[in-house]
Amino acid sequence: MAAVATCGTGTGSPGSTVAAASKNNVTSFQRRGPKASGSDSGYSRLASIAGTRPSVRNGQLLVSTGLPALDQLLGGGLAVGTVLLIEEDKYNLYSPLLFKYFLAEGIVSGHTLLVASAKEDPAGILQELPAPILDDNCKKEFDEDEYNHKTPETNIKMKIAWRYQLLPKMEQARPVSSSRFGHYYDLSKRIPQELIEASKWHGFFLPEKISTLNVEPCSLTHGYVRLLQFIQNIIYEEGFDGSNPQRKQKNILRIGIQSLGSPLWGDNICCTENCDNSHSLMKFLYVLRGLLRASLSACIITMPTHLIQNKAIIARVANLSDTVIGLESFIGSERETNPLYKDYHGLIHIRQIPRLNNLICDVSDVKDLAFKLKRKLFSIEWVQDNYLRQERNIYPPGFSYLLKQKDSAWGEGSLQHSTFLMSFLAKATAFASRLVRHSEPLKQTGSGRIRQAAGPRLWHDGRRREAPGLLVIPP
Amino acid sequence: MLESLLALGGLVLLRDSVEWEGRSLLKSLIKKSALRGEQVHILGCEVSEEEFREGFDSSVNSQLVYHDLFRDPLNWSKTGQALPGGPLEAVRALCGKTVPGPVTIVLDSLSWLLLRLPCPTLCQTLLALSRQRSCPGDSPAGEQVRVLGLLHEELHGPGPLGALSSLAQTEVTLSGTMGRASAHILYRRPRQRPTHQIQWFSILPDFSLDLQRGPPLESQPHPDPHAPPADPMTHLTFNLHLSEKEREAKDSLTLPFHFSSEKQQALLHSGPAPAASRIFYEPDAYDDLDQEDPDDDLDV
């Protein structure tokens, strides 16, 4: 193309005339500007879809999951064309909240919704979405909630744990009135009815779609097949895959599937360990991902993985999904009484983040995340153990993995804990004392006199010499 | 206790075992709801109708509508009474019993159904049962249909038990010690935290419930877990406690990594005063002093 532009002296194509006009430049490569008529898949067009933004790392188009804290952990948001799988907690209390945040974000951004469920009517699910916070009056309420929970004791202990002050803070709830990406929601209020009516949504309720319930097990994929056909129809008819070129304004389709894999979908994986149709769910996920990749849509799926009997299926499902988040609530487990977790309701595990057009993925460094369901907000924070923070200050950073292991096995204040601390300190001081054995003790003065600790001596033709450059105390 | 079990709609799962049977509790629940004037439909699979009805007085018996699957489950006798289509059709037929007012549907044994029907199908049918309304515009709030299911938990693996538990609104597990029965009740309301309750009870011959207090406490072998264990600090040769003065000193200590204002001043002012530090360098025989030619000391 460039060769034609340079060699061609004719005025055939507009590109060559442009190239001919720019002979003074170093190169004759000339980028064609955007045409006035507007092509249908220019980059500038794609970025202008409401509620999306390109990722700063790899340029992927991202949509918000509804929780800005979760967006931050996933590397900016959920990529368009991918699946977010949420492993439900045991009593299914907190995963519907993430599901609802996702759908509410779709309504506020003006995306089309597709809600599929085998247990609840989709219209009922939409009625229970949280209300978005769109003005700044609520900021004061949120700040009050924040400060009420801070006790003076935590402030004292933060003084020693200086490293934690340097860590970036998780985003607190700051309602931004005109933000295009990532809104905040008030869980105590329902979404206003006019917002639901103004939005476009499609519902798939399995008992209505399946009129005859067959008994034979070979029809286990029946519910999945119907759902896939439904999704495919919507994508095709509404032009999310670019099949309808008359559409001027592109939009995103947000798909939400609730409790996939549970017996209510007709799937056997929660009931037996070795079932014949264990692959129906895999096929479903595979076909779903194909549909998503070819269209402008994003999908959230909640799955009761704690009920799945065969653990290999969970691994397969995680491999077939893009982003996997696990929720583990403390209800009924022994962690409920653990003082480590007394402020939190559960742990959130980011199990997998996709590598889209990338060689590496964007996993955040922090591994111990916990969530807390406040009255109005679902917040995600780092587990803050006051004691551990103090200790991490004493120990060098590389030893924190020991602390993690040790703390899970030993309780706070136990005998093993204290002796570990004392033995470690003894070893550390012995090591430090070896360093300073051959010179004056280290003194930190403000005047800038620097003394170097005794390093390894350089042996030079049989004589033990000081290393060149070693500072000598002036006489 | 019975009121609270019957208050919520949806599926109420009664899990019993060989030692602690649940049919008597089921019958007491039936009696309670019949006395409240509700419609009660019973699908009997495991015991015969006569055996089921014995123990109820006539007022209760007249209110029970019994669908018998025990006598002829597969419809071999080809009479008009037996329900065609097998167990699944029998359960589905209960879905169609839409009458106004609260309805209680009793499945005498979910285990019997679970052994003959695939578990997902049964779950879907149970959901359809508990979702039905008496009339579209009739029930103001909550669900009017209650499904009581008796489940023998030893007959099934963890898969079906977990699946049915996740479907149930209330789950009662029967157990006990020393001849006294207890019910562990777990309420799983849709969007609230599950609450747990343990109730000791015994059932009287006329199927009314006698609530009791827990067993005497001397049978507990475990010590109180919150009692402080033996203090590990007592036999140490070093002191881990801090006195008040030591604590103050510790709090007022500036840590080496804290960027305090003194340190900032020291760093700012240390610039123009290098006079105190000088470097004394004694060149060796092998040291090269010529900065220009780095290869001067090579023997080439």
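Biologist: Does A:Ala318 count as buried or exposed, and at what relative accessibility?

Modeller: In this predicted model, local features need pLDDT of at least 70, side-chain atom pairs count only at pLDDT 80 or more, and totals for chains, interfaces and linings use all residues. Side-chain values use heavy atoms, with hydrogens and water left out, residues are numbered from 1 along each chain as its sequence is written, and chains are lettered from A and ligands numbered from 1 in the order in which they are written. Buried means under 20% relative accessible area, exposed over 50%, and partly exposed in between, with a 1.4 Å probe and protein chains only. A:Ala318 therefore counts as buried, at 16%.

Biologist: Which residues does A:Ala318 touch, not counting those up to four places away in sequence?

Modeller: A:Ala318 lies in helix α14 (residues 311-320) of chain A; helices (H or I, at least four residues) and strands (E, at least two) are DSSP runs, numbered from the N terminus. A contact means heavy atoms within 4.5 Å. With residues up to four places away set aside, A:Ala318 touches A:Val324 and A:Gln352.

Biologist: How far apart in space are A:Ala318 and A:Glu87, C-alpha to C-alpha?

Modeller: Along the sequence, 231 residues separate A:Ala318 and A:Glu87. In space, their C-alpha to C-alpha distance is 9.6 Å.

Biologist: In β12(A), which residue is the bridge partner of A:Glu328?

Modeller: Two strands pair if DSSP finds at least two bridges between them. Strands β11 (residues 323-329) and β12 (residues 346-352) of chain A pair in the antiparallel sense over six bridges. One of the bridge partners in β12(A) is A:Gly346, which goes with A:Ser329. For A:Glu328, the partner is A:Leu347.

Biologist: Which strands stand at the edges of the nine-strand sheet, and why is one side of each left without a neighbour?

Modeller: The open sheet of chain A runs in the order β8-β5-β9-β10-β4-β11-β12-β13-β14, with mixed pairing. Each edge strand has a single partner strand, so one side of each is left without a neighbour in the sheet; the two are β8 (201-205) and β14 (378-382) of chain A.

Biologist: What angle does the direction of helix α13 make with that of β10(A)?

Modeller: Helix α13 (residues 279-293) of chain A packs on the sheet, touching β4 (83-87), β9 (253-257) and β10 (297-303). Axes are lines fitted to C-alpha atoms, for helices over the stretch in contact, and angles run from 0 to 180 degrees between N-to-C directions. The angle with β10(A) is about 160°.
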